[in-house]
Amino acid sequence: MKISRRGFLKGSAAATAVLGSTTMSATELFSPVKKIPSASHFGAFYAYVQDGKIVDVEPQESDDRPGMMKALVDRNYSNSRVKYPYVRKTYLEGKADNKALRGNDEFVRVSWEKALDLVAGALKKTPRDQIYNGTTDGWAHPGLVNYCPTLAGRFFNIVKGGSVNSDGDYSVGAALRTNPTIVGDIEVYSLQTTHEQILANTQVYVMWGADLFKTNKIDFAVANRKNDAYYLKYKKSNIKFISIDPIKTQTAKMFDAECVHIRPNTDVALMLGMMHYLYVTKKYDQKFIEKYTDGFEQFVPYLLGKTDGIAKTPQWAEKITEVPVSKIKELADLFVSKRTFIAGNWALQRAHHGEQAQWGIITLASMIGQVGIPGGGFGFSMHYGGGGQAAAGKAGPGGFSQGRNRVEAIIPASRINEALLHPGKEINFTGEKIKLPKISLMYVAGANNVGHQQDMNELIEGIKRLDTLIVQDPWWTPTAKMADIVLPSTTTLERDDISLLSGSYSGDKIYAMRKVVDTPYEAKDDYEIYALLAKKFSEKHYKKFTEGKSVMEHIKSFYAQSDAAKTIPFEEFWEKGFIQYQIPKEAYKYVRHSSFREDPIKNPLKTESGKIQIFSKKFADYGYDDFKGHVTWFEPAEWLGSKEVDQYPLHLLSPHATYRKHSQLDNVWIAELYKIKGREPVRINPKDAKKYGISDGDLVEVYNARGTLLAGAVVTEDVREGVVAIEEGAWYSPENAAIKGSRGNSGNVNVLTSSRPTSEMSQSCSANTALVAIRKAKGEIVPNQAHLMPKVSNI
């Protein structure tokens, strides 16, 4: 598919300005072009600015790949920008039936003074234990001054004494609640064994659902993409790559990996089948189990079927996973005979009973016996934030303190639907009972909740019960369109800031996130918006929030807390745009859990026994039906082995987006590279496409009992038969948001996903457990309005 002319022009304007062109006017030709350093989640860049407008961006010297950052120019000037403060018309008028019109109402432009008065008024009248801080993630901006989660927490704690917050996150909620007890660390965000150690020692590299290349294009901090150079080395190495995944990923293709196309949500059964085979053949590492693990003897009876009457044999696993017995044994033999590294992903634990997935990998790796030795063991973050890069080990810039939150009530991250629809409901949560609070007001800054939450129609029904929804964002996201009050914030390119240590694992750079252009609208920095709101409460609150400092004074103060300040003055750092730390040679030798392996007595894990918990009494004592004291196979509520396949015969997966960062960049020209007739693609196997009369490029309806969406068919062998894949992050756009269950017109996959929790243990997201059906689209096809502004008017 060709890049649009509009996109091409936006990407080449600076070069034209510099080189000259007969198609440009003399004024344009000789107008100076400024080159300004800055940074984003997509990477560090130089912005070229001419006559106060960005005309191009290019990577800084420290990042030679532009990636998706080229789309930042288009996004800054997108027609979907929130240019002024707005209030929903019937909310402003105070009409009794205004809640029902959320998402299907006109917006009225108001002054900043009016908007801030309305926000402050709503906050003042709402008890703090009924205010939900919906700023659930920090992917909007990697700067420390305008980092929305910290600003939101700081603001609410200062002016209200707190608010209801989320517990955990959508990405790794199940792992966060289980891994610390199993192996003494959350693992998913922890430093990984370095690429150097893997290249030198690993013989078999297992990508269990991990798509290293795709998901390392971005970073929670500033992406550095140094992993790309390592991937080229991997490709040329003698390492055998194996991909266990229903989808043939970009990385599997790059590494010519052997692909094991497992049934979705059956990975734990495959692990157990391997473990049973290793145990009965005595090929597992008995010495490692005895010295470094605890509770294996409590696990074995389950493995052999003595506790439930079902031996977890390879034959049993084959029936569930559709991986042949011969392949299960072959893989198990390979893993124990060769130096094997298992790179687990996060999507496995975003499924029904997702807590079992990483526990299963840890248990299997323990039986293989290579944990803590160079090139062996496991890692759960090789696909994220430059995982595998050696760490500089330097102190980064400081940041704001949030202060104390006096509200004890929490909502597990993915339980917001339940809280809105069933306030007061008691649920089990990691060994305790908690009561879901009543939420009257929800405040969202730099997040797109009506997009990343599962069961979209259920969420919208819950949102309509709020008294007030406030959204602070640069764009008319689906969440903003559902709001009562919308405050326009600046983009990353329109504010000064300083970055976190970048990338997330190497931590070898700090970036000056310099303001590139003034906003052409009335947008304000997130920091300024919260400061002005604090002033609406009192001058005392304002002074406490700002500490009497300007934005630049905060930036200098944060920089002064870093190791960089000891060697380079702030002014030099700010002018250059970044500082790079030297990574110690010793850091390239890092092997995860090596100190524990060397001496488990001197370097115990932070677990019940100081060892890896194959069995946990703490977990067993919770007494849950859907979570036990050891890794367990639980049949998912929806999978290709359940009776629901008669009605919904396809398993829906929702991988991370290839050309977006979650929902970011869905509203720019880059979407023209992959959208099908303006809709999100759905990948389908040729055999399934033939069965349902679908051809490549057809507009189709994907549906189940939760909803229906429109998507463009991509017929490909890359997905196994019985599976369809729709990437997460497309902006939600129903044909009519006022109609419950309306057809999602843009392909947002969460119209179809379930809000069912993983289990009572972590109450986490189970987005990858969903069955659907597919058919050619029928009826009236309404144009996709996901990226259009809502109807607005002036007072």
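Lys-282 is found in the loop between helix H12 (267-280) and helix H13 (286-292), where helices (H or I, at least four residues) and strands (E, at least two) are DSSP runs numbered from the N terminus. Phi of Lys-282 is near 60°, which is a positive value in a residue other than glycine. With a relative accessible area of 62%, Lys-282 is exposed; here buried means under 20% relative accessible area, exposed means over 50%, and partly exposed is in between, with a 1.4 Å probe and protein chains only.

This is a predicted model, in which local features need pLDDT of at least 70 and side-chain atom pairs count only at pLDDT 80 or more, while totals for chains, interfaces and linings use all residues. Residues are numbered from 1 along each chain as its sequence is written, and side-chain values use heavy atoms, with hydrogens and water left out.

Glu-547 also has a positive phi, of about 60°, although it is not a glycine. Glu-547 lies in the loop between helix H23 (539-546) and helix H24 (551-560), and at 42% relative accessibility it counts as partly exposed.

## The protein as a whole

The secondary structure of the protein comes to 28 helices and 30 strands. Its radius of gyration, taken over C-alpha atoms, is 26 Å, close to the 28 Å that the globule rule gives for 795 residues, so the protein is as compact as a globular protein of that length; the globule rule is 2.2 Å times the number of residues to the power 0.38. Along its principal axes, the C-alpha trace spans about 75 × 60 × 60 Å.

Of the 795 residues, 63% count as buried. If a contact is taken to mean heavy atoms within 4.5 Å, then residues 24 or more positions apart account for 75% of the contacts with a separation of 6 or more.

## Surface and charge

The protein exposes about 29,300 Å², and carbon and sulfur atoms supply 50% of this area. Accessible areas come from the Shrake-Rupley method with a 1.4 Å probe, and for residues only the protein chains shown count as cover.

There are 102 positive and 90 negative side chains, and the centres of the two sets lie 1 Å apart. In this count Lys and Arg are positive and Asp and Glu are negative, while His and the chain ends are not counted; the place of a charge is taken as NZ of Lys, CZ of Arg, CG of Asp or CD of Glu.

## Aromatic pairs

Rings of Phe, Tyr and Trp (its six-membered ring) pair if their centres lie within 6.5 Å, and planes under 30 degrees apart count as stacked, over 60 as edge-to-face and the rest as tilted. By this rule the count comes to 48 aromatic pairs. In one of them, the rings of Tyr-86 and Trp-476 have their centres 5.4 Å apart and their planes at 55°, so the pair is tilted. This pair links distant parts of the chain, with Tyr-86 in strand S4 (residues 86-88) and Trp-476 in the loop between strand S18 (468-473) and helix H21 (478-481), 390 residues apart. Both Tyr-86 and Trp-476 are buried.

Trp-359 and Phe-619 form an edge-to-face pair, with 5.6 Å from centre to centre and 70° between the planes. Trp-359 lies in helix H17 (residues 355-368) and Phe-619 in helix H27 (residues 617-620), so the pair ties together parts that are 260 residues apart in sequence. Trp-359 counts as buried at 0% relative accessibility, and Phe-619 is buried with a relative accessible area of 0%. Elsewhere, ring pairs link a cluster whose members include Phe-155, Phe-400, Tyr-443 and Phe-558.

## A cis bond and two further residues

The peptide bond from Ser-502 to Gly-503 is cis, with omega near -15°, and Gly-503 is found in the loop between strand S20 (497-498) and strand S21 (509-513).

Gly-377 is found in strand S13 (residues 377-379) and counts as buried at 3% relative accessibility. Not counting residues up to four places away in sequence, Gly-377 touches Thr-340, Phe-341, Ile-342, Gln-370 and Val-371. Pro-584, in the loop between strand S22 (578-580) and helix H26 (594-598), is partly exposed, with a relative accessible area of 39%.
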